[in-house]
Structures are given as structure tokens and as C-alpha cells.
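Dear colleague,

Please find below the structure that I am handing over to you. My findings follow directly after it.

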Amino acid sequence: MTYWVHIARSIDRVTLHKDRCSEVPSNVSHSDFWEGGWFDYPDKERALRAMEQAGTTFQRRCNLCKP
Ligand SMILES: [Zn+2]
């Protein structure tokens with residue numbers, strides 16, 4: 001299953017989503033990890049690691065898809 005990591009630098013928060021969550025945009029343009037955006041990972045372990053590497057103050061899991 002694909003996991004999505006949403007890095008929002010402006011609000012210093014990273015959010016984890018599962019594939020097909022309605023919050024995930026259908027067309028994700030290539031994002032810059034240091035500027036923020038949406039990033040997909042083939043497994044949860046890598047997604048969690050990416051969340052940690054994002055270094056934001058807030059880390060959360062989506063309430064909608066509950067990854
Ligand atoms: Zn979600």
C-alpha cells in the first residue's frame with residue numbers, strides 16, 4: 001500500500017495519509033522535500049522515516065484515513 005506524507009512548512013506540520021485518502025490531491029506535481037508538498041512512499045516504514053526527517057514540530061496522522 002502507498003502512504004502519503006504531506007509536509008506543510010508554513011504551519012510546521014507533517015501529516016501521514018493512506019493511499020486513496022480524499023485529502024490527497026489527485027494530481028501531485030513534483031514537490032521539493034525542503035519546501036514541502038506531497039510525497040508518496042511504498043510502505044509505512046519509509047513514510048514514517050520521512051516524517052521524522054521532515055523535522056517539523058507537529059506530526060500527525062490523518063483523522064480521515066487513519067493510517
Ligand atoms: Zn488521510
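Helices are DSSP runs of H or I with at least four residues, strands are DSSP runs of E with at least two, and both are numbered from the N terminus. Please note that this is a predicted model, in which local features need pLDDT of at least 70, side-chain atom pairs count only at pLDDT 80 or more, and totals for chains, interfaces and linings use all residues. Residues are numbered from 1 along each chain as its sequence is written.

The chain contains 1 helix and 4 strands, arranged from the N terminus as β-β-β-α-β.

As to overall dimensions, the radius of gyration (taken over C-alpha atoms) is 11 Å. This agrees with the value near 11 Å for a compact globule of 67 residues, the rule being 2.2 Å times the number of residues to the power 0.38. The C-alpha atoms fill a box of roughly 25 × 20 × 20 Å along the principal axes.

Of the contacts (C-beta atoms, placed from the backbone, within 7 Å) with a separation of 6 or more, 63% join residues 24 or more positions apart. A residue is buried if 20 or more other C-beta atoms lie within 10 Å of its own, exposed if 12 or fewer, and partly exposed in between, with C-beta atoms placed from the backbone. Buried residues make up 19% of the 67.

Aspartate 12, in the loop between strand S1 (3–8) and strand S2 (13–18), has a positive phi of about 55° although it is not a glycine. Aspartate 12 counts as exposed because it has 12 C-beta neighbours inside 10 Å. Lysine 66, in the segment after strand S4 (58–61), is likewise not a glycine, yet has a positive phi of about 45°. With 10 C-beta neighbours inside 10 Å, lysine 66 is also classed as exposed.

Yours sincerely

Technical notes
Two residues are in contact if their C-beta atoms, placed from the backbone, lie within 7 Å.
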